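The tour below goes from one selection to the next.

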Amino acid sequence: MEQQCCVCGEPLDEMNVSRCRGCGGYFHQAWSTKSEVPQCGKYWIDEDSYALVFACARCLRAVPVPQHQPDDHGGLE
Ligand SMILES: [Zn+2]
Ligand SMILES: [Zn+2]
């Protein structure tokens, strides 16, 4: 049975794949820089649990990344 990437729809191999914690889908995650697998998601260390967190590009786009607005203009006149 062949899995497909939930982001780009291309078939997945058994090595370079991760599971998104957002949608539960599998996506391309290149573990070797030599592999020709596209990066269809991201992973990072969760600061609370120190666990690796995976998310596919679709979910990353759906969840807006909080941005800090430089909004401290007070006292510069
Ligand atoms: Zn993909
Ligand atoms: Zn996802």
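Select Cys 40 to begin. In this predicted model, Cys 40 has 26 other C-beta atoms within 10 Å, so it counts as buried, the threshold being 20 or more. Cys 40 sits in the loop that links β2 (26-28) to β3 (41-45).

Now show what surrounds Cys 40. Setting aside residues up to four places away in sequence, Cys 40 touches Cys 5, Val 7, Cys 8, Phe 27, His 28, Cys 56 and Ala 57. Pick Val 7 from that list and draw a distance between the two C-alpha atoms: Val 7 and Cys 40 are 33 residues apart along the chain, and the separation is 6.2 Å.

Which residues make up the largest nonpolar core? Select Cys 5, Cys 6, Val 7, Leu 12, Cys 20, Tyr 26, Phe 27, Cys 40, Ala 55, Cys 56 and Cys 59; these are its eleven residues. As a general background, nonpolar side chains in soluble globular proteins tend to be buried together.

Stay with one core member, Cys 59. Apart from its neighbours within four places in sequence, Cys 59 is in contact with Cys 20, Gly 22 and Cys 23.

Next, colour by secondary structure. The chain has one helix and four strands, and reading along the sequence gives the order β-β-β-β-α.

Select β3 and β4 together. The two strands run antiparallel and are joined by five bridges. To see one pairing, pick Tyr 43, whose bridge partner in β4 is Phe 54. β3 and β4 form a hairpin, with six residues between them.

Is Tyr 50 buried or exposed? Tyr 50 counts as exposed because it has 7 C-beta neighbours inside 10 Å, and the limit for exposed is 12 or fewer. Check its backbone as well: Tyr 50 has a positive phi of about 55°, although it is not a glycine.

Finally, zoom out to the whole chain. Of its 77 residues, 19% count as buried; Cys 40, where the tour began, is buried. Among contacts in the chain with a separation of 6 or more, 33% are between residues 24 or more positions apart.

Definitions and conventions
Residues numbered from 1 in each chain as written. Chains lettered and ligands numbered in written order. Predicted model: local features only at pLDDT ≥ 70, side-chain atom pairs only at ≥ 80, totals over all residues. Contact = placed C-beta atoms within 7 Å. Core = buried A, V, L, I, M, F, W, Y, C linked by C-beta atoms within 7 Å. Pairing = 2+ DSSP bridges.
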